[in-house]
Amino acid sequence: MSSKNYHILIVDDDTEFHQQIRYAFRRQFLFSGAVNEEQLLQKLGESSNFDLLLLDLVLDESEAKKGLDLIPQIVSQYPELPVIIVTGDRSIDTVVTAMKLGAKNFLVKDDFDFDYWEQRFTEVVEGSKLKQENRELRAEVDRRRAEENEAYPFIGESPQIQEIKRILKLVSEEPDVTVLITGETGTGKEVAARYLHAHGARQKGPFQAVNLSAIQDTLLESTLFGHKKGAFTGASRDMEGYFSQANHGILMLDEIGDIDHNIQIKLLRFLETKLIRPVGSDQDVLLDVQVVTATHRDLAGAVQEGRFRADLFQRLKAMVIELPPLRARRDDIPLLLGHYFQEPDLSRVMTEEALDAMLEYNWIGNVRELKNAVSYAQLRARIQDKKLIDERCLPAEILNSETIIPIPSQPAAASGEPGPSTSTLVTTPKNIDEEHALIDLDRIEKLLIQKNKVKKDVAIAIGLENTDNLRYRIKKHFDKHPHLFANFPTISQSYRRIVKL
Amino acid sequence: MKIVLLVEGGRKAPTALFSQSEQWGVELRPTPVAGTDWKTALEDAYAVMLLVPTWGANAYLSPVTLWQQYLQMEAPSKRLILASFESSFQHANHLDLLRLTDYSAQWWEDCQPIDHMQELPPVVGVDLSEKLQRFFAGHGQDSIVAVLSRIRLVVQMASRELRKMQTPYEEIYSDLVEPAELGQKWREWRNRWINYYPLFEHTPIASSLKQIAKQTDGVEPWMAAGGQDAAPLHDGSILEILNRVREQLQQIENQYVVQKLSHTYR
């Protein structure tokens, strides 16, 4: 028995029927009544709290089925109010007409059966409420998605960014093309992917982003493609992977250059067939997912070195979008600062000197580093009780950005470790790449000292997502320039395995 | 001999018809249709002969369409013979009672079985198929079923309250039964029944209507008293009778009316 107390509006010219229905269902439902069209419209105008409308077809002494004419009007004006026809007319043509006009059910008075009617009333009300809830949930999902997109705004008015936005909008009209976004860490590859999602045919679908380098190799396959219960130790239930979760939407695979050959093969298969196979399953699953990949690696180089499949690379580079580093679009720095400070007039939040320092800084961690620097500066200003952020509130590396050539931060004797011989220290970089490596490693070195060698804090300060990324970044520099390690004793101590490589 | 069931329809068939029938090799069996025996007899019969128009409720009536429908459903190979004094009635299955000698044994052979029967011209008398439609579907003052369904609705609700919800009958009576004025509704039902019932005395539904009449006699005292006694509601007897009546009426409706009309009864 229902105890939901749904509010039902009965429309019938037979007042005796009103009274009988109210009596019979008094424990289950609340009732209001109308005996003609005028009263019905009046009641609907007065209250929108009805959960169900029971509508008779004959509403006066004539045989005319006025109720049929009312159905479309009610359905269009009150789409969330379900209508059940309750009448004496059982002819098939009337039933079909009423249902076509939008009635949810059709009950004949002569066939009155308490349990059956109660069940129908409840089913129709709850079915309608479920639909309404689905609509509300859908709206909530859209709202959250819009909020999410607002949280990742693609800020920039420099010519480079304007051109990239134009290209992304064009690409967004092709919901099946695979997109490869390249650029340094922190340049906003995920932001660009979200921009593509927000402006394209898949905007109503989900957006899933996954950093492949942050997932253990052994878990990557099941994380991406899902697994069946019992597929491996610990797989206690079926689980959807990122691909399934992104069905009808976009899946962004960040750090695509880091995946092993096995995953490369499976990704290639998906791109060619749209099929995935969860781990432990013997069934393929067909999905509709647009794949956007991102990397800061040189994939062409990785192909030449045999670390990345050439056929997958060919697939991925169907559309390549390269994001410029922040230092290549310094015009956008004030806009970004205005956004993160939530104040377009920067003179109200920072001194001119502080702004100049930020404009001149190289931002190797790009937009992510800038965002972190803003948070840091705001916090420092609060601690120092300053209304305006000045240079002293900025992270040390911004102030010291003129130090291109790094100097060992502490004497070897003080650390108790054998220090590098000064003769091995690099003081003049050979090329721009080595210069960048020196700048970057110097910054990491200083931060390691500043943050008491807590790698997580260093990663955050630089604007990296995790310590794996920091380790990767250091390793990348030393792979290319192994002779530099002598310049950075703190890094050497903290990353012995990398340095020894 | 061909056996032919004769439905005289409240009138007496001329004796000449019987004597003439023997010469045609036809055994005419006067058949009252208020019982159910005729349905068994129909199995061995060659045809059903209707003396039209029939007479009932002080009016000439035409049950032809109802008989046609019945035979179409139950015995499509049988013949429906219409015997009348209407010489102008032109049809292969019409027997003109004023010209019996004009017919031969061959005429009987040539009569059309019901599933191959030409369309019949209108027969004199009130068309009972139309009356039956009103019986079920008529609005306002016409429908007999409308009144019965309103009574049944109240009885069903009251019976459920009493038996399942164990609501005190005083409360049910004062809130539901008394306002429904069952006594008055029942009188209305009886009046309408009396108007309809004699009309169908010579139709294939006569036996069903007779059974319904018998059953409703059983609820008469309770209804006439306005449903004051809880016992027949408690033991379910009233609802059982009304359900049986409803079932029988539905059977008739399904056979003769449903799908033919868009009707309304409230």
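Ground rules, quickly. Residues count from 1 along each chain as its sequence is written, and chains are lettered from A, with ligands numbered from 1, in the order in which they are written. Because this is a predicted model, local features need pLDDT of at least 70 and side-chain atom pairs count only at pLDDT 80 or more, while totals for chains, interfaces and linings use all residues.

Chain A. It has 22 helices and twelve strands. Helices are DSSP runs of H or I with at least four residues; strands are runs of E with at least two; numbering starts at the N terminus. Of 501 residues, 37% count as buried. Buried means 20 or more other C-beta atoms within 10 Å of the residue's own; exposed means 12 or fewer; partly exposed lies in between; and C-beta atoms are placed from the backbone. Among contacts in chain A with a separation of 6 or more, 69% come from residues 24 or more positions apart. A contact is two C-beta atoms, placed from the backbone, within 7 Å.

Now the sheet. What is the strand order in the open sheet of five strands in chain A? It runs β7-β8-β11-β6-β12, with parallel pairing. Pairing requires at least two DSSP bridges between two strands. The edges are β7 (207-211) and β12 (319-322) of chain A; each has a single partner strand, so one side of each lacks a neighbour in the sheet. From one strand to the next, the twist averages 20°. Look at one pair: β6(A), residues 179-182, joins β12(A) in the parallel sense over four bridges. There, T182(A) sits opposite E322(A) of β12(A).

A helix covers these strands. Helix α7 of chain A, residues 189-199, lies across β6, β7, β8, β11 and β12 of chain A. Its direction is about 170° to β8(A). Angles are taken between N-to-C directions, from 0 to 180 degrees, with axes fitted to C-alpha atoms, for helices over the stretch in contact.

Over to chain B. Start with strand β3(B), residues 47-51. Is it enclosed or open? Five of its five residues are buried, so β3(B) is largely enclosed by the rest of the structure. Both faces are covered: A47(B), M49(B) and L51(B) on one side, V48(B) and L50(B) on the other. Strand β1(B), residues 2-7, is joined to β3(B) by four bridges, with L5(B) opposite V48(B). Strand β6(B), residues 79-84, is joined to β3(B) by five, with M49(B) opposite I81(B).

Last, the helices of chain B. Take α6(B), residues 144-163, against α8(B), residues 182-196. Their angle is about 150°, and their axes are 9 Å apart. The two are therefore roughly antiparallel. The cut-offs: under 35 degrees is roughly parallel, over 145 roughly antiparallel, 65 to 115 roughly perpendicular, the rest oblique. The contact includes I151(B) and V154(B) from α6(B), and W186(B), W189(B) and W193(B) from α8(B). By class, that contact has ten nonpolar, no polar and four charged residues. Nonpolar covers Ala, Val, Leu, Ile, Met, Phe, Trp, Tyr, Cys and Pro; charged covers Asp, Glu, Lys and Arg; polar is the others, Gly among them.

Next, α6(B) and α7(B), residues 169-180. Their axes come within 10 Å and cross at roughly 175°, which makes α6(B) roughly antiparallel to α7(B). V154(B) is among the α6(B) residues that meet α7(B). By class, the residues are nine nonpolar, no polar and one charged.
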